[in-house]
Amino acid sequence: MNGPKLSFKTFISFLFLRWKFSEERKSFLHSREFFQAIAENNVQFGLAVSLIVFSIGLAGLMGCSYNPGIPELIPEIPSRLVYTLMILLNIPQILFAVVELAQSRESDPEKILNVNYLNQLTNAFMAGFAVFNTQKGSSLFFETVLIMLALSSLPYWRRIRGYVVALTSMLPIGVAIVRYHILVPWQDRYDIVIFYILCLFIMTLRRHWLEQNFWLMHRTELENRALEKESRTDELTGLENRTGLREDFPSFAGEQVIMIMMDLDNFKLYNDRYGHRFGDQVLHKTGQYIRKVFQPLGGKCYRYGAMNF
């Protein structure tokens with residue numbers, strides 16, 4: 001098959017460097033509508049992340065209670081403390097998300113994004129801090145990987161914020177290895193580095209996928225509105241047509257309405273004598289005049305028939 005080939009260099013540029021957007025799309029990505037959609041997304045998936053971390057903390061506390069006495073890799077920091085922090089730090093995050101979901105678009109989206117970002121930074125730190133509750137002989141990075149997968153693949157991260165989330169998670173891991181001289185096999189060190197690189201890829205793909213998805217939804221909504229307006233508008237006069245009147249008529253029920261109907265005298269004679277071209281000009285100017293007179297007064301203007309308004 002003949003077709004364009006995607007090189008590795010093109011793929012990397014596609015992911016990180018050369019996303020060329022139209023001015024309309026750039027404007028949308030900085031609009032309140034987009035921030036509102038992203039805020040709703042992050043509240044929902046931020047709640048999911050918080051519930052995951054909360055559940056890990058709860059399961060960890062239960063495990064410590066039912067299996068006491070197992071030696072810990074870093075005995076200076078008890079596992080119960082780490083799991084308790086996971087629970088306590090996520091309770092306000094869960095409550096915040098539940099309240100925001102109940103309010104439904106009443107809060108400032110920028111504020112929601114910032115608060116959710118701080119909340120998930122806390123969970124990113126707890127993902128790395130989870131290595132401190134590792135027991136001897138168990139997997140060192142399992143809980144870290146679990147939490148970071150949720151953080152990488154669920155919320156929307158702006159480019160810099162995604163990097164900060166990853167670095168925040170890596171910080172306690174580095175402290176644990178250096179400060180407490182934890183011997184980590186080179187395969188595990190290699191794996192955790194590859195894992196964090198993978199997290200950055202996931203964040204990037206998730207960001208571009210959400211931007212593309214919300215942009216297409218926005219464009220579809222605009223086109224639907226344009227089609228709806230076109231179906232209700234008389235092309236010649238610019239007034240709404242009979243379809244518009246039929247759709248609007250139920251809204252007039254129970255209201256005090258003044259209705260004026262008019263037609264053009266001798267229009268057929270004029271049309272026959274001077275031709276349809278000049279007849280169309282008469283209709284067009286008549287529509288402009290009606291709109292100019294009645295629309296400033298709050299009136300709705302329709303073309304009901306060939307020469308009826």
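Helices α3, α4 (79–103) and α5 each contribute at least two residues to the lining of the second largest cavity, where helices (H or I, at least four residues) are DSSP runs numbered from the N terminus. A cavity is, on a 1 Å grid over the protein atoms alone, a set of points where a 1.4 Å probe fits but cannot get out, and lining residues have an atom within 4 Å of a point. The model is a predicted one, in which local features need pLDDT of at least 70 and side-chain atom pairs count only at pLDDT 80 or more, while totals for chains, interfaces and linings use all residues. Residues are numbered from 1 along each chain as its sequence is written, and side-chain values use heavy atoms, with hydrogens and water left out.

The second largest cavity holds about 50 Å³ of space, a volume being the space filled by probe spheres set on the grid points, which are joined across faces, edges and corners. Its lining is made up of V43, G46, L47, S50, Q93, F96, A97, N116, N119 and Q120. Helix α3 provides the largest share of this lining, 4 residues. By class, the second largest cavity is lined by 4 nonpolar, 6 polar and no charged residues; here Ala, Val, Leu, Ile, Met, Phe, Trp, Tyr, Cys and Pro count as nonpolar, Asp, Glu, Lys and Arg as charged, and the others, Gly among them, as polar.

In total, 2 cavities of 30 Å³ or more were found.

A pocket is an open set of grid points with protein on both sides within 12 Å along at least five of seven lines, and the largest pocket has a volume of about 540 Å³. Of the 20 residues that line the largest pocket, I258, M259, I260, K300 and Y302 lie nearest its centre. The lining of the largest pocket is divided into 17 nonpolar, 2 polar and 1 charged residues.

Helix α4 was then considered along its length. The expected span of a helix is 1.5 Å times one less than its number of residues, so the 25 residues of α4 should span 36 Å, in agreement with the 37 Å between its end C-alpha atoms. A kink of about 30° occurs at N90 in α4, shortly before the proline P92; the bend at a residue is the angle between axes fitted to the seven residues ending there and the seven starting there. Buried residues (under 20% relative accessible area, 1.4 Å probe, protein chains only; exposed is over 50% and partly exposed in between) in α4 are S79, V82, Y83, M86, I87, N90, Q93, I94, A97 and E100. These buried residues pack against α3, α5 and α6 (142–153), contact meaning heavy atoms within 4.5 Å.

Helix α7 has 21 residues and reaches 31 Å from its first C-alpha to its last, close to the 30 Å expected at 1.5 Å a residue. Its buried residues are R161, G162, V165, A166, T168, S169, P172, I173 and A176, and their cover includes α5, α6 and α8 (186–232). After α7 comes H181, with a positive phi near 55°.

G162, located in α7 (residues 159–179), counts as buried because its relative accessibility is 2%. Beyond its neighbours within four places in sequence, G162 contacts W157, L200 and M203. G162 and M203 are 41 residues apart in sequence, yet their C-alpha atoms are 6.6 Å apart in space. N41 belongs to helix α3 and is likewise buried, at 8% relative accessibility. Leaving aside neighbours within four places in sequence, the contacts of N41 are G46, L154, P155, Y156, R206 and L210. V145, in helix α6, is partly exposed, with a relative accessible area of 27%. With neighbours within four places in sequence again set aside, V145 touches I192 and F195.
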